[in-house]
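Here are my notes on the model, as numbered points. Have a look at the structure first, then read on.

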Amino acid sequence: MTTPTTSSRPLAVVTGASSGIGYELGKLCAQEGFDLVVAADRPEIEKAAADFQALGAVTAALQVDLSKTEGVDALLEKVGGRPVTALLANAGHGLGKGFLDQDFAEARHVVDTNITGTIYLLQKIGREMRARGEGKILVTGSIAGFIPGTYQAVYNGTKAFIDSFAFALRAELKGSGVSVTCLMPGATETDFFERADMLDTKVGAEKKDDPAEVARTGFDAMMRGEGDVVSGWMNKLQSAIALITPAGLAAEQHRKMAEPGSARK
């Protein structure tokens, strides 16, 4: 892939772009006239980049661990100093099973990917956008951030942070010319549940949202400069109910969806 350093098209940076929502966001950016720098921690990012290139976007791809600041620095080097018009911070990982039964290194990797690497990237590119007085940021949060995540405690906790962080950053950047949009999907048909070892759960086994539709909802909201968007009417209803449901009850409801073996109940 060619590093997009000389093109006259605006540049978008998309993380977690090898599959799922991130892949669909990359396609939308390519179709809507952006060049791309894309990153993911899986080798499939090269195939994804070829797809984006075929849609007309000069595309640079990087397989990298974005849970580490060194990985984020490598992504920034790939950008090569070109102004970033849109940052779509979508990289994230999940992890199922009870917290005390998880490998702590895996749990920490979820925290470092979903939070540490994400906010480091946001600060680096966000500063450059603010200095120019223009830019669009899309952060993939989740309606999981509204719900105590029994058997997904670490993941839901990270999304609660990201949802809150995105709202706060948007307020801090008010009047700067830089918009921050938080996309909050529900369960989506991606490899998330396989990678999180949750295929035996009710939420892992049931029908989920189309990632292309979720991505379109988020992309359009970002382009309009909206503050937050929940994809799908069922997710809108679920997030509204979560805000008025006692935490203990919400945690028990989440247990029914995410407890190991719940797909068979």
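1. Asp-41 comes out as partly exposed, at 28% relative accessibility (partly exposed sits between buried, under 20% relative accessible area, and exposed, over 50%, with a 1.4 Å probe and protein chains only). The side chain of Asp-41 makes a salt bridge with that of Arg-195, 3.4 Å from N to O (a salt bridge being a side-chain nitrogen of Lys or Arg within 4 Å of a carboxyl oxygen of Asp or Glu). Asp-41 sits in the loop between E2 and helix H2 (45-54) and Arg-195 in helix H6, so the pair ties together parts 154 residues apart in sequence. Helices (H or I, at least four residues) and strands (E, at least two) are DSSP runs, numbered from the N terminus.

2. A word on the ground rules: this is a predicted model, where local features need pLDDT of at least 70, side-chain atom pairs count only at pLDDT 80 or more, and totals for chains, interfaces and linings use all residues. Residues are numbered from 1 along each chain as its sequence is written, and side-chain values use heavy atoms, with hydrogens and water left out.

3. How many salt bridges does a search of the whole structure find? The search gives 14. One of them joins Arg-216 to Glu-32, with the closest N and O atoms 3.8 Å apart. Arg-216 is in helix H8 (residues 211-224) and Glu-32 in the loop between helix H1 (20-31) and strand E2 (35-40), 184 residues apart.

4. Lys-97 and Asp-197 also meet through their side chains in a salt bridge, at 2.6 Å N to O. Lys-97 belongs to the loop between E4 and H4, and Asp-197 to the loop between H6 and helix H7 (202-205), 100 residues apart. Lys-97 is partly exposed, at 32% relative accessible area, and Asp-197 is partly exposed at 47%.

5. Now for the inside. The largest nonpolar core has 32 residues, and Val-13, Leu-75, Leu-87 and Ile-137 touch the most other members (a core is a set of buried Ala, Val, Leu, Ile, Met, Phe, Trp, Tyr and Cys residues joined through side-chain atoms within 4.5 Å). H4 contributes the most to this core, five residues. A second, separate core of 29 residues includes Phe-34 and Ala-48.

6. Helix H5 (residues 153-172) has 20 residues and spans 29 Å from first C-alpha to last, close to the 28 Å expected at 1.5 Å a residue (that is, 1.5 Å times one less than the number of residues). Its buried residues include Tyr-155, Lys-159 and Asp-163.
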